[in-house]
Amino acid sequence: MSKPENLVTNPYDPHPFYDEMFMNAYSVRNHYQSVFRQFMSMKAGSLNKRQSATMKRMMEEGITFTLYSPDQTEPLERTIPFDPIPRIIPRDEWLTLEKGLEQRVKALNLFLKDIYHDQSILKDGIIPRKMVLSNCYFRPEMMRLSIPNDVYVTVSGIDLIRDEQGQYFVLEDNLRSPSGFSYLYKSRSIMTHLFPELVFSHSIQDIEQSLNVFLSALRRLSPSGKSDPVIGLLTPGCYNSAYFEHTFLAQQMGIQLVEGHDLVVIDHKVYIRGIKGLRQIDVLYRRIDDDFLDPLAFDPNSMLGVAGIMNAYRAGNINIVNAPGTGVADDKAIYAYVPDMIRYYLNEEPILKNVPTYILSRPEERDYVLQHLDEMVVKETSLSGGYGMLIGPSATDSEIADFRLKIIADPDRYIAQPTIQLSRAPVMMDGQMAARHIDLRAFVIAGENIQVIPGGLTRVALKEGSLVVNSSQGGGCKDTWVTHS
């Protein structure tokens, strides 16, 4: 009798990393037992067919992301690689993450209100004044401007990682226009349709209601007080890397998808142009950066925004989500001070830890980092998406030398962190389980209350050994399950 074509005959040894599924080479964590048994019972040929069907479905539905690389003459549009083995987070573990994320977003909103009003945290010397006021994302136009319900950050994407011991850390705060929502929902949809025996045999917390939570938060922020405010999603257009997400969210929430040329400002009010004439818009969920939002207030060369929208905003006739100027709070140097913000505004100890961070404008920290660049991750403070980074352990001598010169020339522009070996999880590669590094982007919605979408988006570094999980750098994703018990 021939040997069955099982998917996994030799599970990998997870050490020295923390593995989400395996405790050791042949010991599976309790909350993964059922999923592991079900995958073990599958045949490689059957799974390959399902994975092919997954990619076909994603292509048909336009679930794509655009990659930009200096090696390419043109941007590459591709489907997001999807792995069928879910990432599972037990309920008690999730409750701690949820409380920590709520605490963090609450403090960040208080920080933004403070720096655009009384600046108490600067006067008290908790955060250096220069670091905030000279930040490229600090917007003087927002000073003393009243924000509905004091919610500067309605939706945020907080990136979490685990170290070799399995301890969670916050890696980054994404507060301007975080992406990834659509892939969270589509991951669950794909799993439900193509792997129903997996999904329906487990007790998993629902994520669908979170779109209603998001819509309710947007409605609550309307300055007009209308029972049914007009809400729009401002997109840069179909050539943007996340355009699929923009269309998905607008369709799912039943809001208007608009580009800058669809809007006009008259008498400090913003209107949507339509075949029936003009219709006033109350809330604008913008997916473009501050610089492009209003050519009269920011970059005069912008063709993406709406001339005069900041005047309408100041007049209280429209609310912009997330508020302009929120980028100062997700700057990677400001990130180092978020635990201090939590203590200062909430009088609480942080539930979630930061990754230890070196501020390179401090001479003693800069000197230490320059001597240990081959051990460090160096990031440009104002960039995201995996751009402007040095990962020392995998960098070449010339790359390290290049970053050394950049840091010496402009130390305020960079921060450094020790390299943390991200936790790993199994992915399916050619019919076998293979270990890949992962992180978790948790989405937090600040409406009447602060709510965290159960699970979030698990991102996967598909290149073996790579620590870079960003979709913009070729990473993939998994469905993320939070159990009910």
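F111 touches I121, I127, V132, A329, I334, M341 and Y345, if we leave out residues up to four places away in sequence, and contact here means heavy atoms within 4.5 Å. Before I go on, please keep in mind that this is a predicted model, in which local features need pLDDT of at least 70 and side-chain atom pairs count only at pLDDT 80 or more, while totals for chains, interfaces and linings use all residues. Residues are numbered from 1 along each chain as its sequence is written, and side-chain values use heavy atoms, with hydrogens and water left out.

Let me stay with F111 for a moment. Together with L160, F111 has the most contacts inside the largest nonpolar core, which has 76 residues. A nonpolar core is a set of buried Ala, Val, Leu, Ile, Met, Phe, Trp, Tyr and Cys residues joined through side-chain atoms within 4.5 Å, and buried means under 20% relative accessible area, whereas exposed means over 50% and partly exposed lies in between, with a 1.4 Å probe and protein chains only. Which element gives the most to this core? It is α3, with nine residues. Apart from this core lies another one, of 55 residues, and among them are Y32, I88, I190 and A217.

Two packed helices are described by the angle between their axes and the distance between the axes. The axes are lines fitted to C-alpha atoms, for helices over the stretch in contact, and the angles run from 0 to 180 degrees between N-to-C directions.

Helix α3, residues 91-115, packs with helix α11, residues 338-346, at an angle of about 80°, and their axes are 9 Å apart. Therefore α3 is roughly perpendicular to α11, given that angles of 65 to 115 degrees count as roughly perpendicular, under 35 as roughly parallel, over 145 as roughly antiparallel and the rest as oblique. On the α3 side the contact is made by Q103, R104, K106, A107, L108, L110, F111 and D114, and on the α11 side by V338, M341, I342, Y344, Y345 and L346. These residues divide into 10 nonpolar, one polar and three charged, where Ala, Val, Leu, Ile, Met, Phe, Trp, Tyr, Cys and Pro count as nonpolar, Asp, Glu, Lys and Arg as charged, and the others, Gly among them, as polar.

A second pair is α8 with helix α9, residues 243-253, which pack at an angle of about 85° with their axes 10 Å apart. That makes α8 roughly perpendicular to α9. L211, F214, L215 and L218 of α8 meet L249, Q252 and M253 of α9 in this contact, and the residues divide into six nonpolar, one polar and no charged.

Let us turn to charge. Side chains of opposite charge can pair when their charged atoms come close. A salt bridge is a side-chain nitrogen of Lys or Arg within 4 Å of a carboxyl oxygen of Asp or Glu, and a search of the whole structure finds 26 salt bridges.

In one of them, the side chains of E20 and R162 meet at 2.9 Å, N to O. This pair links distant parts of the chain, 142 residues apart, with E20 in the segment before β1 (22-24) and R162 in strand β6, residues 155-162. Are these two residues buried or exposed? E20 is buried, with a relative accessible area of 2%, and R162 also counts as buried, at 4%.

E197 forms a salt bridge with R50, the closest N and O atoms being 2.8 Å apart. E197 sits in helix α7 (residues 196-199) and R50 in helix α2 (residues 44-60), 147 residues apart. Here E197 counts as partly exposed at 33% relative accessibility, and R50 is partly exposed as well, with 21%.

D282 lies in the loop between β12 (277-280) and β13 (283-286), and K226 in the loop between α8 (209-220) and β8 (231-234), 56 residues apart. D282 is buried at 0% relative accessibility, whereas K226 is partly exposed at 39%.

Key
Helices (H or I, at least four residues) and strands (E, at least two) are DSSP runs, numbered from the N terminus.
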